[in-house]
Amino acid sequence: MAQSFPEDVLEHVFSFLNYDKDRNAVSLVCKSWYEIERLCRRRIFIGNCYAVSSEIVIRRFPDVRAVELKGKPHFADFNLVPEGWGGYVYPWIVSLARAYPWLEEIKLKRMVVTDESLELISKSFKNYKVLVLLSCEGFTTDGLASIAANCRNLRELDLGESEVEDLSGHWLSHFPDNCTSLVSLNISCLGSEVSFCALERLVARCPNLKTLRLNRAVPLEKLPNLLCRAPQLVELGTGAYSAEIQSDIFSNLAEAFLGCKQLKGLSGFWDVVPAYLPAMYSVCSRITSLNLSYATAQNPDLVHFVSQCSNLQRLWVLDYIEDTGLEALAASCKDLHELRVFPSDPFDAEANVSLTEQGLVAVSEGCPKLQSVLYFCRQMSNAALVAIARNRPNMIRFRLCIIEPRAPDYLTLEPLDTGFGAIVENCKELRRLSMSGLLTDRVFEYIGTHAKKLEMLSIAFAGDSDSGLHHVLSGCESLRKLEIRDCPFGDKALLANATKLETMRSLWMSSCSVSFGACKLLGQKMPRLNVEVINERGLPDSRPESCPVEKLYVYRTIAGPRVDMPGFVWTMDEHVSSRLSRVTERRGD
Amino acid sequence: MEKGVAYDNDMNLKATELRLGLPGTDESQKEYSSFVKSNKRSSEEMDSSCNEEECAPAPKALVVGWPPVRSYRKNVLQQQQKKSDSDVSGMYVKVSMDGAPYLRKIDIKVYKNYPDLLIALENMFKCSMGVYSEREGYNGSEYAPTYEDKDGDWMLVGDVPWDMFVTSCKRLRIMKGSEAKGLGCQ
């Protein structure tokens, strides 16, 4: 059927499509729709920076305004990816600078960002607006100074939880006096003190500032100065929440909070002095998002404060909240969507707080909208997991970390297969699952059978044999990311499900039983996968084929093997055999 | 490559009386615990329950990336703990009691002498420890207070002068009276 709509009408229609999925679907309808769509796509999301090259992106999408890139695999957060592995953003910035002079937005996660990259960003784009660096590393405050100084219309600067080499706080003073465009500023990860005067003036002259996350060095006594100048704030991250107990500090603080009628989110609270928590009571009832995960306050101060926030939707907190606190939460916060409970003392074998599976069960009972959970605890039972599953069939993200690896049901000493089985069977919309505790192949059978919407699965110290892995790879239709550590999974399941891997973003396996030989075979069989072996101890001298690899990272790509690998990473492809034998020969003499 | 720990059916029976306590206090707990305490000189009970098989998995503190807490968070927690531990005015030590599900932390600088400390511990844990005697220790009492000193040795509370105790005590453990026999007689 001949096309009846003129191009600009179609383009206008497409402009209402914001999700990548929709735009991708539209591109597949016919050649002309593909052409129209690619010319008007403005936002690009690249979940793995090595899955595609900048040349390919630029060739297809000539006029992009926002780019989002992710680098290292998720387990890099837990030091499983060695230093120097990759994820360098500089080559991307060079290409983007050349191709997209009107680029406004760059969001990066787990990438290595240098000061050079930041300087290039600051100088290359005429209308640069948004820089978000989550869990990135490799840059210093000098790089931030370039951004502050050169981006005249900067709207958002979010340093997430990046590792920044903090040379001095002076960089903030580089924002020119005529910069009034800031909407969001997050410097919470920085250690050095920024000039308070400069910060105060910056906040005062940015009337659209909605998000302000300070760093620890900003003292509590000075917080009112900022709040008074930004009563329109929607999200606030305090600095250190501690001061000598003085009534004038308290009253200034309380008065300042009273003026913040739009405040919906709170975070920060380092070194919290509980006596100052009541200063925020006037805003509590409007708070929907509360991050107390760095606040070492204990009960009753902690639970008393949290219970004031009756409209809470998201709570991040330390396990000081204890079971009693979670029971109170379940009673007072009926709108709760997301709960994350972090461990205050993760490396102690013994519990320092009274937080058990009971707290989570209570919240699952009392909070009908609870759909996202991250919970660290020291004991769990199948009964509790079954209860949670039955209470909350609407669960979407469930991440449970029982601190002791392979800990069984503490009541029956059985594996937790039944419990997690109940989770995947009842929670039909489950998209993300992290498991822990004692688990056999049976739990993977349940997962393969029931978890049809599961997109991301994290497994550690679990399973008995390859059939565990096979169940997951053959059964989970929506699986995109699979990360495994310390499980007895080997070659069989991997090779039997090779084609599945092309339908996923990535697979990570470390301290498992996958051999070099199998990796080679996989790499040779599947040219559109990069099969990367990470072996910090170098290649094995004898019988390399059957030796297990330390770490394996497999991802689909249309960019071919990468060229920036360090010495301890090998791509397993058809050329690898000759490379391997050359290396072992050299080591022989 | 280690397999997942296959739990032994025999252990189930014993372990229905499962209690949480220090590793080494109850043999059956060791089956699934991969945590190995690295005292310089462990007491007799701790050595006996640590056979080769169970010691094969690495001590938890040395398992890379477990538990999965992000480095950023780990650093912040460590900083804050250091701050509270090295409180100039305080000398905080952990106190555990056999059979109790969690630990407490107390500031021993708050107490002036052994009797004060013992009374406080008895109140905190609702137990009776009796009176210390140089020859008999806490013989006859249901519980006995012990502590780990700077060298990693476990000693009976009361053996050394108070001031020496305050500066050398790293942590306290309230042991069952029957198990405390023989401590300090090394």
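Let me start with a term: a residue counts as exposed when its relative accessible area is over 50%, as buried when that value is under 20%, and as partly exposed in between. Keep that in mind, because K126(B), at a relative accessible area of 73%, is then exposed. One more thing before we go on: everything here comes from a predicted model.

So, K126(B). Where does K126(B) lie in chain B? You'll find K126(B) in the loop that runs between helix 5 (114–125) and strand 3 (143–149). The backbone there is worth a look too: K126(B) is not a glycine, and yet its phi is positive, at about 55 degrees.

Let's step back to chain B as a whole. How many helices and strands does chain B have? There are seven helices and five strands. If you walk along from the N terminus, the order of elements is α-α-α-α-β-β-α-β-β-α-β-α. Chain B has 186 residues, and 46% of them count as buried. As for contacts with a separation of 6 or more in chain B, 47% of them come from residues 24 or more positions apart.

While we're in chain B, please find W66(B) and P67(B). The peptide bond from W66(B) to P67(B) is cis, with omega near -5 degrees. P67(B) sits in the loop between helix 3 (52–55) and helix 4 (71–85).

Now over to chain A, where there is a cis peptide bond as well: this one joins N299(A) and P300(A), and omega is about 0 degrees. P300(A) belongs to the loop between strand 12 (289–292) and helix 12 (301–307).

Chain A also has a residue with a positive phi. S511(A) is not a glycine, but its phi is about 55 degrees. Look for S511(A) in the loop between strand 20 (506–510) and helix 21 (516–525). Is S511(A) buried, exposed or partly exposed? Its relative accessibility is 32%, so S511(A) counts as partly exposed.

Which residues does E429(A) touch, if we leave aside its neighbours within four places in sequence? The answer is M395(A), I396(A) and K453(A). With K453(A) there is a polar contact between the two side chains, at 3.1 Å. For a sense of scale, take T557(A), which is 128 residues from E429(A) along the chain: the C-alpha atoms of these two are separated by 28 Å.

Residues 5–46 carry the UniProt annotation "domain: F-box", which comes from an unreviewed entry. In the model, that span is 62% helix and 10% strand, and its end C-alpha atoms lie 31 Å apart. F5(A) is in the segment before helix 1 (7–14) of chain A. Together with V9(A) and V13(A), F5(A) forms a nonpolar patch on the surface, and the accessible area of these residues together is about 260 Å².

Terms used:
Residues are numbered from 1 along each chain as its sequence is written. Chains are lettered from A and ligands numbered from 1 in the order in which they are written. This is a predicted model: local features need pLDDT of at least 70, side-chain atom pairs count only at pLDDT 80 or more; totals for chains, interfaces and linings use all residues. Side-chain values use heavy atoms; hydrogens and water are left out. Contact means heavy atoms within 4.5 Å. A polar contact is a pair of N or O atoms within 3.5 Å; within protein, one must be able to donate a hydrogen and the other to accept it, and residues adjacent in sequence count only if both atoms are side-chain atoms. Patches are made of residues with over 30% relative accessible area and no salt bridge: like charges are joined within 9 Å, nonpolar side chains (Val, Leu, Ile, Met, Phe, Trp, Tyr) within 5 Å. Accessible areas come from the Shrake-Rupley method with a 1.4 Å probe; for residues, only the protein chains shown count as cover. A salt bridge is a side-chain nitrogen of Lys or Arg within 4 Å of a carboxyl oxygen of Asp or Glu. Helices (H or I, at least four residues) and strands (E, at least two) are DSSP runs, numbered from the N terminus. Buried means under 20% relative accessible area, exposed over 50%, partly exposed in between (1.4 Å probe, protein chains only). UniProt positions are given in the numbering used here, feature names are shortened, and annotations may be inferred rather than shown by experiment.
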